[in-house]
Amino acid sequence: MHIVLVEPEIPGNTGNIARLCAGTGMELHLVRPLGFSTDDKHLKRAGLDYWHLVRVHYHDSFAALHQQYYEHTFYFCSTKAHHSYCDISYKTDDFLVFGKESAGLPESLLTDYEANTIRIPMREEARSLNLSNAVAVVAFEALRQHRFADLRIYGNGCHGRSTQI
């Protein structure tokens with residue numbers, strides 16, 4: 001599975017998402033322009049010492065990324081979408097696409113791929129979740145659907161009786 005960040009602006013969010021990718025085996029795709037240097041100390045600090053576990057791909061545009069992976073399904077997360085992220089049956093090679101912190105995804109992408117736009121349900125009064133939180137919510141739903149394949153789970157995980165702690 002793949003996480004795509006289109007023009008991310010905050011290094012701490014990207015670092016947190018890289019750490020999530022390291023822990024789950026998801027690949028991270030960063031679409032330029034980035035709002036920070038990849039040498040940024042906040043980016044490295046948020047990713048801790050997990051960077052060696054992350055497959056990071058850089059793309060000059062979303063069009064270039066899409067052309068390279070045209071045979072895959074892309075889902076675009078937006079507060080403007082009508083479909084819940086929980087209503088999707090994710091495949092293990094899908095791309096989960098998220099926009100920049102200040103503006104989300106470009107309207108052109110949301111229009112061109114309207115059938116594949118998804119949202120995280122929330123109160124009307126709330127504008128949005130933090131980017132790294134939103135990525136975690138959607139990513140773990142996709143992983144849950146595949147029973148957390150290839151991930152180590154202690155106890156019964158999410159698949160059986162709960163274990164008392």
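Trainee: Which residues of α1 are buried?
Mentor: This is a predicted model. Buried here means under 20% relative accessible area. In α1, the residues that count as buried are Pro-11, Asn-13, Thr-14, Gly-15, Ile-17, Ala-18, Leu-20, Cys-21, Ala-22 and Thr-24.

Trainee: How many of the 14 residues of α1 are buried, and is the helix enclosed or open?
Mentor: Much of α1 is covered by the rest of the structure, so it is largely enclosed. The count of buried residues is ten of the 14.

Trainee: What does α1 reach from its first C-alpha to its last?
Mentor: Helix α1 covers residues 11-24, which makes 14 residues. At 1.5 Å a residue, 20 Å is expected. The model comes close to that, with a reach of 20 Å.

Trainee: Which residue follows α1, and what is its phi?
Mentor: The residue after α1 is Gly-25. Its phi is positive, near 85°.

Trainee: How many disulfides does the structure hold?
Mentor: A disulfide is a covalent bond between the sulfur atoms of two cysteines. Take two cysteines of this chain. Cys-21 is buried, at a relative accessible area of 0%, whereas Cys-86 is partly exposed at 39%. The number of disulfides in the structure is zero.

Trainee: Which elements do the buried residues of α5 pack against?
Mentor: Start with the residues themselves. Buried in α5 are Leu-131, Ser-132, Ala-134, Val-135, Val-138, Ala-139, Glu-141, Ala-142 and Leu-143. They pack against β1 (2-6), α1, β4 (74-77), β6 and β7.

Trainee: How far apart are the end C-alpha atoms of α5?
Mentor: Helix α5 has 15 residues, so at 1.5 Å a residue it should span 21 Å. The model agrees with that, and the end C-alpha atoms are 22 Å apart.

Trainee: Which residue follows α5 with a positive phi?
Mentor: Its phi is near 55°. The residue is Arg-147.

Trainee: Which residues does the UniProt annotation "binding site" cover?
Mentor: The annotation comes from an unreviewed UniProt entry.

Trainee: Is Gly-99 buried or exposed?
Mentor: Gly-99 sits in the loop between β6 (95-98) and α4 (107-112). Leaving out residues up to four places away in sequence, it touches Val-6, Gly-104, Leu-105 and Leu-131. Its relative accessibility is 9%, so Gly-99 counts as buried.

Trainee: What is the relative accessible area of Ser-128?
Mentor: Ser-128 lies in the loop between β7 (117-119) and α5 (131-145). Beyond residues up to four places away in sequence, Ser-128 touches Thr-79 and Met-122. Ser-128 is partly exposed, and its relative accessible area is 41%.

Trainee: What pattern does the chain follow along the sequence?
Mentor: The chain has five helices and seven strands. Read along the sequence, they follow β-α-β-α-β-α-β-β-β-α-β-α.

Trainee: Of contacts between residues at least 6 apart in sequence, what share joins residues at least 24 apart?
Mentor: Consider the whole chain. Buried residues make up 41% of its 165 residues. Among contacts between residues at least 6 apart, the share joining residues at least 24 apart is 73%.

Note on methods:
Residues are numbered from 1 along each chain as its sequence is written. This is a predicted model: local features need pLDDT of at least 70, side-chain atom pairs count only at pLDDT 80 or more; totals for chains, interfaces and linings use all residues. Side-chain values use heavy atoms; hydrogens and water are left out. UniProt positions are given in the numbering used here, feature names are shortened, and annotations may be inferred rather than shown by experiment. Helices (H or I, at least four residues) and strands (E, at least two) are DSSP runs, numbered from the N terminus. Buried means under 20% relative accessible area, exposed over 50%, partly exposed in between (1.4 Å probe, protein chains only). Contact means heavy atoms within 4.5 Å. The expected span of a helix is 1.5 Å times one less than its number of residues. A disulfide is a pair of cysteine sulfur atoms within 2.5 Å.
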